[in-house]
Amino acid sequence: MSTTLLRTSTARSALRAASSQNSKRVGLAGVAFARGKATLPDLPYDYGALEPAISGKIMELHHDKHHRTYVNSYNQAEEKLAEAEQKEDIPSKIALLPLINFHGGGHTNHTLFWENLAPKGSGGGEPPTGGLSKAIDTSYGSLDAFKEKFNTALAGIQGSGWAWLVQDTQTGSISIKTYANQDAVVGQFRPILGIDAWEHAYYLQYQNRKAEYFKAVWDVVNWKAAEKRFK
């Protein structure tokens, strides 16, 4: 594979490591923030590592262009919000909230999405085990039946959005829910596994055959990451 598609950058990692020592970092659903700024996460695999399910070119554009835009736009909106708060400009603060929701959600959702994927041979496609496997069998009958219902939910999304396997934080039960645009899973539900149904996630490779993408993506789903979120 071309070295231009490698995600590991020694220089970048060193800079981030140095920054993390000097900055207060907090975690929100696996999303990293430094001094209030969101940061684009490095992928733990090469862009082309998920082929043939997801092409290297899609992964490069999706991560380095689309996700980076959400990060940058979120940080810009947060800076404007801080200025509005200093001025006690309530109308401006209200106007900024949709931008923060959209771009912050885009950053959160994509960070979880990259963790939910893994190359074959590194966990990708291996079925869930333990408590999550039992919960899926109890709620849906089998893993195959769950995938079928999940893909039906994905196909039913009008426009852009996500489908998620979520866990109710109050009852512990799991369910499949769809969210429009970049709305994040927050509040009563905990995100366990999400699949991006935006066109930029598949169109370059699958064009209008999105059902093929929904089927193929399961070959690289990282159930081990999902199991860690399941309580």
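The chat below walks through a predicted model of one protein chain.

User: Before we start, what kind of model is this, and what are the ground rules?

Analyst: This is a predicted model, in which local features need pLDDT of at least 70 and side-chain atom pairs count only at pLDDT 80 or more, while totals for chains, interfaces and linings use all residues. Residues are numbered from 1 along each chain as its sequence is written, and side-chain values use heavy atoms, with hydrogens and water left out.

User: OK, how many helices and strands does the protein chain have?

Analyst: The protein chain has eight helices and six strands, where helices (H or I, at least four residues) and strands (E, at least two) are DSSP runs numbered from the N terminus. Read from the N terminus, the elements run α-β-β-β-α-α-α-α-β-β-β-α-α-α.

User: And how much of the protein chain counts as buried?

Analyst: Of its 231 residues, 45% count as buried, which is to say under 20% relative accessible area, with exposed meaning over 50% and partly exposed in between (1.4 Å probe, protein chains only). Among contacts (heavy atoms within 4.5 Å) between residues at least 6 apart in sequence, 68% join residues at least 24 apart.

User: Switching topic, which residues does UniProt list as a binding site?

Analyst: The unreviewed UniProt entry lists H62, H110, D196 and H200 under "binding site". They span 139 residues in sequence, yet no two of their C-alpha atoms are more than 12.1 Å apart, so they gather at one spot. UniProt positions are given in the numbering used here, with feature names shortened, and annotations may be inferred rather than shown by experiment.

User: Where is H62, and what is it in contact with?

Analyst: H62 sits in helix 2, which covers residues 56-86, and at 1% relative accessibility it counts as buried. Leaving aside neighbours within four places in sequence, H62 is in contact with H67, H110, F113, W114, D196, H200 and A201. The side chain of H62 also makes a polar contact of 2.9 Å with the side chain of H110; a polar contact is a pair of N or O atoms within 3.5 Å, where, within protein, one must be able to donate a hydrogen and the other to accept it, and residues adjacent in sequence count only if both atoms are side-chain atoms.

User: And H200, is that one buried or exposed?

Analyst: H200 is buried, with a relative accessible area of 17%, and it lies in the loop between strand 6 (189-196) and helix 6 (203-206). Its side chain and that of H62 are joined by a polar contact of 3.2 Å. Not counting residues up to four places away in sequence, H200 touches I58, H62, H66, Y70 and H110.

User: How many residues of strand 4 are buried?

Analyst: Eight of the eight residues of strand 4 are buried.

User: Last one, where is Q182, and what does it touch?

Analyst: Q182 lies in the loop between strand 5 and strand 6 and is buried, with a relative accessible area of 0%. Leaving out residues up to four places away in sequence, Q182 touches several residues, among them Y70, N109, H110, W162 and W198.
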